[in-house]
Amino acid sequence: MDITLALGGGGAKGNSHIGVLRRLEKEGYRIRSIAGTSFGGLVAIFYALGYSPSKLMDVFEAVDQSRLYGRSAEDGPSLLGLSGVRKWLDQTVGRKTFDDLSIPCAVTAVDAKTGGEVIITKGWLKDAILATIALPGIFPTHHLNEWELMDGGVLNPVPVSVARILSPDLPIVAVVLNDPMDKPVRTYRIPLPSRLPRVFTNRITRLNIARSFDIFMRGVEVGSRAVAKYRLELDKPDVIIRPKVQGIDLLDIVVVRDVAQLGEDAVKEMLPQLKRAVSWQRRVGKKLFG
């Protein structure tokens, strides 16, 4: 049962992708190609490198999430830096390139200069990851070739169209982490080091910058929901899987295993639709009638 995956962005919610991969493999689905945006792009690259879901779990659980967003000289203008992420990528993907992947993989980004989508399928994996996760204003843009790249979710929160390019004849399973349009938008807090005394964190959260961050992130969330909705209507994946991750913010510190389980539960709910999507009758009909 061959499929291709489109993994959506969603920050810390993206740990649910691990459970999605685990349950799909358990049910006998063979993932022949994979596309991802933002955190979905990160997971896509690791999976395409040959990391099993259990290995992904081990690697992601070992990360000190409180130390990912420090600043360094490499960071451009942004609220948070990615020094911790860079160090972690040096330890994990190192100098590997897309040539080292075992299955076709692509991640998306957006060029801040032209406003166009950039599909990354070659070069250093570290560059591709830093580009696709560069949430505008929150993380620094990533310079690659002539581009100044930011998070691919700006234009394509769930890259179904990219997955279709990788494997035109396979059913596309889209994993969507955006909340539906009718859900209330929660408040956002600036992520702060856990070692700071509570008296300082309380003061910071009352500052204008903290309130501005909250409004900005709510705007990003609303826009991302809308773009995801309209792109899914346009790109028409064969199956949509929605892990129940509505209670998780983009930058939350989470228990990876618990979030991964939400992904596995979501696949379980969609097993009948998955079976119909890969049936030979459905695939023949799709080829004949589009």
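**Salt bridges and buried positions in the predicted model**

Arg-22, Arg-23, Glu-27 and Glu-264 are joined in a network of salt bridges, a salt bridge being a side-chain nitrogen of Lys or Arg within 4 Å of a carboxyl oxygen of Asp or Glu. The structure is a predicted model, in which local features need pLDDT of at least 70 and side-chain atom pairs count only at pLDDT 80 or more, while totals for chains, interfaces and linings use all residues. Residues are numbered from 1 along each chain as its sequence is written, and side-chain values use heavy atoms, with hydrogens and water left out.

Arg-23 is buried, at 12% relative accessibility, whereas Glu-27 is partly exposed, at 26%; here buried denotes under 20% relative accessible area, exposed over 50%, and partly exposed the range in between (1.4 Å probe, protein chains only).

Arg-23 also belongs to the buried residues of helix H1. Helices (H or I, at least four residues) and strands (E, at least two) are DSSP runs, numbered from the N terminus. Helix H1 spans residues 16-26 and is mostly covered, with 8 of its 11 residues buried. These are Ser-16, His-17, Ile-18, Gly-19, Val-20, Leu-21, Arg-23 and Leu-24. Just after H1, Gly-28 adopts a positive phi of about 95°.

By the stated criterion, the count of salt bridges comes to 15. One of them pairs Asp-2 with Arg-30, the closest N and O atoms lying 2.7 Å apart. Asp-2 is located in strand S1 (residues 2-7) and Arg-30 in strand S2 (residues 30-37), so this pair ties together parts that are 28 residues apart in sequence. Both partners are partly exposed: Asp-2 has a relative accessible area of 21%, and Arg-30 has a relative accessibility of 39%.

A further salt bridge is formed between the side chains of Arg-257 and Glu-61, at 3.0 Å from N to O. This pair links distant parts of the chain, since Arg-257 lies in helix H9 (residues 256-269) and Glu-61 in helix H3 (residues 53-61), 196 residues apart. Arg-257 is partly exposed, with a relative accessible area of 42%, and Glu-61 is likewise partly exposed, at 35%.

Strand S2, which holds Arg-30, also contains Ser-33. Ser-33 is buried, with a relative accessible area of 0%. The side chain of Ser-33 makes a polar contact of 2.6 Å with the side chain of Ser-167. A polar contact is a pair of N or O atoms within 3.5 Å; within protein, one must be able to donate a hydrogen and the other to accept it, and residues adjacent in sequence count only if both atoms are side-chain atoms. When residues up to four places away in sequence are not counted, Ser-33 touches Ile-3, Thr-4, Leu-5, Ile-103, Pro-104, Leu-166 and Ser-167, contact being defined as heavy atoms within 4.5 Å.

Leu-49 occupies the loop between helix H2 (39-48) and H3. Leu-49 is buried, with a relative accessible area of 16%. Apart from its neighbours within four places in sequence, Leu-49 is in contact with Val-93, Lys-96, Asp-100, Leu-101, Ser-102 and Leu-125. Leu-49 and Ile-103 are separated by 54 residues in sequence and by 7.8 Å in space, C-alpha to C-alpha. Ile-103 is also among the residues touched by Ser-33.
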